[in-house]
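User: I would like to go through this structure with you, a few residues and contacts at a time. Please keep the answers plain.

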Amino acid sequence: MRIGVVVSAYDNARALDFTLLAYRVQTRQPDELIVAEDSEFPAVAEVVSRHRAAASFPIRHLHQPDEGFRKCRILNAAIAAAGSDFLVFTDADVLPRADVLATYARLARPGGFVAGASHVNLPQRFHAQVLQPAWVEDQRVFDRRFLAEHGVTTPWSRLLRAGPLARVLDRLTPRDAFVGNHSGAWRSDLLRVAGFDEAMGYGSEDRNLGLRLNHAGVRGLRARHSLVCLHLDHARSWRHEEVAAANRAWNRQLASTGVTLPRQSLLLPRHPSR
């Protein structure tokens, strides 16, 4: 099984720098990594170029003009460009622990997708001023006691070592939700539902994909305690409540249907059938 990683990016080059480093130290290396940038910032391109030169796996950089929130469109372009069987979607500000891709490889099953989460937040004062690359390389940043020494408190259940307790807690977690900051799905299933809905702005666009995968018979496995990631917290200037509310309303309507295809997507077939 070939595993590809799709990292969505915007104007967050420093965070992307740490995230790409975290993928370079995975125990199970990705077969490809695609940075999908909903913008064209030179600083992002510089970070990608530097890690591409150092990585043991291919790194590609897709980008598009900054014309408002069009994350779904660039993610669909990444799906189209990818050559891997299974695609892991994440954000430029989400640091995966070194065993994350190995865990995806263990959990991936035909007819299902795997969803994590990144609810362990590193405050901006920490990751913008204190965090060091060496802490990602040696994995200290994933140690609760180490973080506590730097004034960062984390829930006891979210930085567990891989093992039986993490798996038990996963079983108690709600299923079938595709979580945009860290989830993986088979590329063939993503193409079957034509990827993300490009008509959606920020807010619940990931859940929309999960709903349509469910309608296509693809069920989710939530592994938030086994897939350990850290989120580099930040403000969300692109969030508009009226857009998010419209997205939630559309998802509620969608949930009661059997619709599998999005309203708008570059991956839609020429003659869509619902």
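User: Are F89 and F196 buried or exposed?
Analyst: F89 is buried, and F196 is buried as well. Buried stands for under 20% relative accessible area, exposed for over 50%, and partly exposed for values in between, with a 1.4 Å probe and protein chains only. This is a predicted model, in which local features need pLDDT of at least 70 and side-chain atom pairs count only at pLDDT 80 or more, while totals for chains, interfaces and linings use all residues. Residues are numbered from 1 along each chain as its sequence is written, and side-chain values use heavy atoms, with hydrogens and water left out.

User: How many aromatic pairs does the structure hold?
Analyst: There are ten aromatic pairs in the structure. Rings of Phe, Tyr and Trp (its six-membered ring) pair if their centres lie within 6.5 Å; planes under 30 degrees apart count as stacked, over 60 as edge-to-face and the rest as tilted. The pair of F89 and F196 is edge-to-face, because the ring centres are 5.5 Å apart and the planes stand at 75 degrees.

User: Where in the chain do F89 and F196 sit?
Analyst: F89 is in strand β4 (residues 86-91), and F196 is in the loop between α9 (187-192) and α10 (205-215). The two are 107 residues apart, and their pair links distant parts of the chain. Helices (H or I, at least four residues) and strands (E, at least two) are DSSP runs, numbered from the N terminus.

User: Which residues do ring pairs link into a cluster with F89?
Analyst: Ring pairs join F89 with F113, F178 and F196 in a cluster.

User: What else lies in the loop between α9 and α10?
Analyst: A194 is found there, and A199 lies in that loop too. A194 has a phi near 60 degrees, a positive value in a residue other than glycine. A194 counts as buried because its relative accessibility is 1%. A199, at 40% relative accessibility, counts as partly exposed.

User: Which residues is A199 in contact with?
Analyst: Leaving aside neighbours within four places in sequence, A199 is in contact with R263 and Q264. Contact means heavy atoms within 4.5 Å.

User: Which other residue has a positive phi without being a glycine?
Analyst: Q139 has a positive phi of about 70 degrees and is not a glycine. Q139 belongs to the loop between α6 (133-137) and α7 (144-149).

User: Turning to helix packing, how do α1 and α2 cross?
Analyst: The axes of helix α1 (residues 13-24) and helix α2 (residues 42-54) come within 9 Å and cross at roughly 15 degrees. That makes the two helices, α1 and α2, roughly parallel. Axes are lines fitted to C-alpha atoms, for helices over the stretch in contact, and angles run from 0 to 180 degrees between N-to-C directions. Angles under 35 degrees count as roughly parallel, over 145 as roughly antiparallel, 65 to 115 as roughly perpendicular and the rest as oblique.

User: Which residues meet in α1 and α2?
Analyst: From α1 come A13, L16, D17, L20, L21 and R24, which meet A43, V44, V47, V48, R50, H51 and A54 of α2. The residues of this contact of α1 with α2 divide into nine nonpolar, one polar and three charged. Ala, Val, Leu, Ile, Met, Phe, Trp, Tyr, Cys and Pro count as nonpolar, Asp, Glu, Lys and Arg as charged, and the others, Gly among them, as polar.

User: At what angle do α10 and α11 pack?
Analyst: α10 and α11 pack at about 5 degrees, with their axes 10 Å apart. α10 is therefore roughly parallel to α11. The contact is made by R207, N208, L211, R212 and H215 of α10, together with W250, N251, L254 and A255 of α11. By class, the contact of α10 with α11 has four nonpolar, three polar and two charged residues.

User: Is S157 buried or exposed?
Analyst: S157 is buried, with a relative accessible area of 15%. S157 lies in the loop between α7 and α8 (164-171). Not counting residues up to four places away in sequence, S157 touches L169 and H225.

User: And where is E67 found?
Analyst: E67 is found in the loop between β3 (59-63) and α3 (71-81). E67 counts as exposed because its relative accessibility is 54%. E67 and D38 are 8.4 Å apart in space, C-alpha to C-alpha, and 29 residues apart in sequence.
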